[in-house]
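Hi,

Here is the structure I promised to hand over. Please open it first, then read my notes below.

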Amino acid sequence: MVPMGNWAKRRLVKLNDKDRIRDESQVGSGFGKNVSHWLGKKYVYPTNVLHLSTECSNRGHSASFPISLPTWFIKLFTEEGDLVLDPFIGAGTTALACIKLNRHYVGIEMMEKYYDLALEAIERANNGNRTAGSLDKQMSPRLL
Ligand SMILES: C[S@@+](CC[C@H](N)C(=O)[O-])C[C@H]1O[C@@H](n2cnc3c(N)ncnc32)[C@H](O)[C@@H]1O
(Lines give C-alpha, C1' and ligand atoms only; values in the text may rest on other atoms or scores of the structure.)
Protein backbone atom coordinates (compact mmCIF):
# COMPACT_ATOMS: atom_id res chain seq x y z
CA MET A 1 0.00 0.00 0.00
CA VAL A 2 1.14 3.54 -0.73
CA PRO A 3 -0.07 6.88 0.69
CA MET A 4 -2.92 8.45 -1.28
CA GLY A 5 -0.93 11.62 -1.87
CA ASN A 6 -1.86 15.28 -1.53
CA TRP A 7 -3.89 15.32 -4.76
CA ALA A 8 -6.73 13.55 -2.91
CA LYS A 9 -7.27 16.45 -0.51
CA ARG A 10 -8.47 18.68 -3.34
CA ARG A 11 -9.91 16.08 -5.73
CA LEU A 12 -12.10 14.26 -3.21
CA VAL A 13 -13.57 17.30 -1.44
CA LYS A 14 -16.49 17.65 -3.83
CA LEU A 15 -17.55 14.63 -5.88
CA ASN A 16 -20.00 14.91 -8.75
CA ASP A 17 -22.53 12.24 -9.81
CA LYS A 18 -20.07 10.66 -12.24
CA ASP A 19 -17.51 10.27 -9.46
CA ARG A 20 -19.95 8.02 -7.55
CA ILE A 21 -20.44 5.40 -10.26
CA ARG A 22 -18.01 3.36 -12.30
CA ASP A 23 -16.91 5.68 -15.09
CA GLU A 24 -16.00 3.51 -18.08
CA SER A 25 -13.23 4.63 -20.41
CA GLN A 26 -14.73 6.47 -23.37
CA VAL A 27 -12.68 4.43 -25.86
CA GLY A 28 -14.23 1.17 -24.65
CA SER A 29 -10.95 -0.24 -23.39
CA GLY A 30 -12.62 -1.86 -20.39
CA PHE A 31 -10.77 0.38 -17.95
CA GLY A 32 -12.81 2.53 -15.62
CA LYS A 33 -12.87 4.04 -12.17
CA ASN A 34 -15.21 4.94 -9.33
CA VAL A 35 -13.59 7.94 -7.68
CA SER A 36 -15.75 7.60 -4.55
CA HIS A 37 -13.96 4.35 -3.70
CA TRP A 38 -10.97 6.48 -2.68
CA LEU A 39 -12.93 8.42 -0.04
CA GLY A 40 -11.49 8.01 3.46
CA LYS A 41 -8.53 5.97 2.21
CA LYS A 42 -5.10 6.79 3.55
CA TYR A 43 -3.33 4.04 1.63
CA VAL A 44 -4.12 2.37 -1.69
CA TYR A 45 -2.93 -0.36 -4.04
CA PRO A 46 -0.86 -0.83 -6.15
CA THR A 47 2.47 -0.71 -4.42
CA ASN A 48 4.42 0.46 -7.46
CA VAL A 49 2.92 3.88 -8.20
CA LEU A 50 5.07 6.51 -9.88
CA HIS A 51 4.05 10.04 -8.93
CA LEU A 52 4.40 12.40 -11.89
CA SER A 53 2.43 15.48 -12.84
CA THR A 54 0.04 15.18 -15.80
CA GLU A 55 0.30 17.24 -18.97
CA CYS A 56 -3.24 16.94 -20.29
CA SER A 57 -4.10 20.62 -20.58
CA ASN A 58 -1.59 21.63 -23.23
CA ARG A 59 -1.21 18.45 -25.27
CA GLY A 60 -4.59 18.19 -27.00
CA HIS A 61 -5.24 14.78 -25.44
CA SER A 62 -7.20 14.19 -22.24
CA ALA A 63 -4.91 11.43 -20.95
CA SER A 64 -1.47 12.49 -22.10
CA PHE A 65 1.40 11.25 -19.99
CA PRO A 66 4.31 13.49 -19.00
CA ILE A 67 7.30 12.57 -21.15
CA SER A 68 9.20 11.68 -17.98
CA LEU A 69 7.00 8.57 -17.58
CA PRO A 70 7.92 6.70 -20.80
CA THR A 71 11.45 8.13 -20.53
CA TRP A 72 11.89 6.42 -17.16
CA PHE A 73 10.77 3.00 -18.46
CA ILE A 74 12.58 3.26 -21.79
CA LYS A 75 15.87 4.08 -20.05
CA LEU A 76 15.33 1.24 -17.59
CA PHE A 77 14.40 -1.51 -20.05
CA THR A 78 16.03 -0.61 -23.38
CA GLU A 79 19.28 0.47 -24.93
CA GLU A 80 19.98 2.93 -27.73
CA GLY A 81 18.79 1.54 -31.07
CA ASP A 82 16.17 -0.74 -29.50
CA LEU A 83 12.57 -0.76 -30.71
CA VAL A 84 9.77 0.37 -28.37
CA LEU A 85 6.11 -0.50 -29.00
CA ASP A 86 3.34 1.65 -27.56
CA PRO A 87 -0.01 0.14 -28.58
CA PHE A 88 -1.89 3.15 -27.15
CA ILE A 89 0.28 6.02 -28.40
CA GLY A 90 -2.27 8.85 -27.93
CA ALA A 91 -0.54 12.19 -28.46
CA GLY A 92 2.74 10.45 -29.21
CA THR A 93 4.55 10.89 -25.91
CA THR A 94 6.36 7.55 -26.13
CA ALA A 95 7.56 8.37 -29.65
CA LEU A 96 8.89 11.73 -28.45
CA ALA A 97 10.77 10.03 -25.63
CA CYS A 98 12.21 7.53 -28.13
CA ILE A 99 13.40 10.30 -30.42
CA LYS A 100 15.19 11.98 -27.50
CA LEU A 101 16.70 8.70 -26.34
CA ASN A 102 17.69 7.36 -29.78
CA ARG A 103 15.27 4.46 -29.74
CA HIS A 104 13.10 3.30 -32.62
CA TYR A 105 9.38 3.20 -31.99
CA VAL A 106 6.11 1.77 -33.23
CA GLY A 107 2.92 3.46 -32.09
CA ILE A 108 -0.68 2.34 -32.56
CA GLU A 109 -3.65 4.67 -32.21
CA MET A 110 -7.30 4.01 -33.05
CA MET A 111 -8.54 7.61 -33.09
CA GLU A 112 -7.57 9.60 -36.14
CA LYS A 113 -7.42 12.93 -34.31
CA TYR A 114 -4.84 11.55 -31.87
CA TYR A 115 -2.97 9.82 -34.70
CA ASP A 116 -2.68 13.22 -36.42
CA LEU A 117 -1.70 14.86 -33.13
CA ALA A 118 1.06 12.32 -32.62
CA LEU A 119 2.39 12.80 -36.13
CA GLU A 120 2.45 16.58 -35.64
CA ALA A 121 4.33 16.20 -32.35
CA ILE A 122 6.83 13.84 -33.98
CA GLU A 123 7.31 16.31 -36.81
CA ARG A 124 7.97 19.16 -34.36
CA ALA A 125 10.42 17.02 -32.40
CA ASN A 126 12.27 16.35 -35.66
CA ASN A 127 12.52 19.99 -36.74
CA GLY A 128 9.69 19.81 -39.25
CA ASN A 129 10.69 16.41 -40.56
CA ARG A 130 8.24 13.52 -40.41
CA THR A 131 11.16 11.15 -40.53
CA ALA A 132 12.42 10.04 -37.16
CA GLY A 133 16.10 10.20 -36.41
CA SER A 134 17.88 6.97 -35.64
CA LEU A 135 21.40 5.91 -34.88
CA ASP A 136 22.36 4.33 -38.20
CA LYS A 137 19.82 5.59 -40.68
CA GLN A 138 16.63 7.61 -41.02
CA MET A 139 13.47 5.69 -40.13
CA SER A 140 9.90 6.61 -40.90
CA PRO A 141 7.66 6.94 -37.86
CA ARG A 142 5.49 3.87 -37.57
CA LEU A 143 2.07 4.95 -36.39
CA LEU A 144 -0.58 2.46 -37.36
C1 LIG B 1 -4.21 6.77 -22.04
S2 LIG B 1 -4.24 7.22 -23.73
C3 LIG B 1 -2.52 7.20 -24.09
C4 LIG B 1 -1.92 8.53 -23.94
C5 LIG B 1 -0.48 8.58 -24.36
N6 LIG B 1 0.36 7.79 -23.49
C7 LIG B 1 -0.01 10.02 -24.38
O8 LIG B 1 0.87 10.39 -23.62
O9 LIG B 1 -0.58 10.79 -25.16
C10 LIG B 1 -4.74 5.76 -24.56
C11 LIG B 1 -4.88 5.92 -26.07
O12 LIG B 1 -5.08 4.63 -26.62
C13 LIG B 1 -6.03 4.72 -27.65
N14 LIG B 1 -6.65 3.39 -27.75
C15 LIG B 1 -7.52 2.78 -26.91
N16 LIG B 1 -7.82 1.55 -27.32
C17 LIG B 1 -7.11 1.35 -28.44
C18 LIG B 1 -6.98 0.23 -29.33
N19 LIG B 1 -7.66 -0.89 -29.13
N20 LIG B 1 -6.16 0.34 -30.39
C21 LIG B 1 -5.45 1.50 -30.58
N22 LIG B 1 -5.53 2.58 -29.79
C23 LIG B 1 -6.36 2.50 -28.73
C24 LIG B 1 -6.98 5.82 -27.22
O25 LIG B 1 -7.62 6.42 -28.32
C26 LIG B 1 -6.04 6.78 -26.50
O27 LIG B 1 -5.57 7.79 -27.37
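By class, the shell around the ligand holds 9 nonpolar, 5 polar and 1 charged residues. Ala, Val, Leu, Ile, Met, Phe, Trp, Tyr, Cys and Pro count as nonpolar, Asp, Glu, Lys and Arg as charged, and the others, Gly among them, as polar. In total, 15 residues surround the ligand. A residue counts as near if its C-beta atom, placed from the backbone, lies within 6 Å of the molecule. The closest are Phe88, Gly90, Ala91, Thr93 and Met110.

Two notes on the source. This is a predicted model: local features need pLDDT of at least 70, side-chain atom pairs count only at pLDDT 80 or more, and totals for chains, interfaces and linings use all residues. Residues are numbered from 1 along each chain as its sequence is written.

Now the chain. It has 4 helices and 7 strands. These are DSSP runs numbered from the N terminus: helices are H or I with at least four residues, strands are E with at least two. From the N terminus on, the order is β-α-β-β-β-α-β-α-β-α-β. Of the 144 residues, 20% are buried. Buried means that 20 or more other C-beta atoms lie within 10 Å of a residue's own; exposed means 12 or fewer, and partly exposed is in between, with C-beta atoms placed from the backbone.

Next, helix 3 (93-101). How many of its 9 residues are buried? The count is 7, so helix 3 is largely enclosed by the rest of the structure. Thr93, Leu96 and Cys98 are among the buried ones. Their cover includes helix 2 (68-77), strand 5 (83-86), strand 6 and helix 4 (112-125).

Just after helix 3 comes Asn102, with a positive phi of about 60°. Asn102 is not a glycine. It sits in the loop between helix 3 and strand 6 (104-107). Asn102 is partly exposed, with 14 other C-beta atoms within 10 Å.

Last, helix 4. At 1.5 Å a residue, its 14 residues should span 20 Å, and its end C-alpha atoms are 20 Å apart, which agrees. The expected span is 1.5 Å times one less than the number of residues. The buried residues of helix 4 are Tyr114, Leu117, Ala118, Ala121 and Ile122. Seen down the axis, they fall within an arc of 135°, so they line one face of the helix. That arc is taken from the directions from the helix axis to the C-beta atoms. Glu112 and Lys113, on the other side, are exposed. Asn127 follows helix 4, and its phi is positive, near 55°.

Best wishes

Notes. Contact = placed C-beta atoms within 7 Å.
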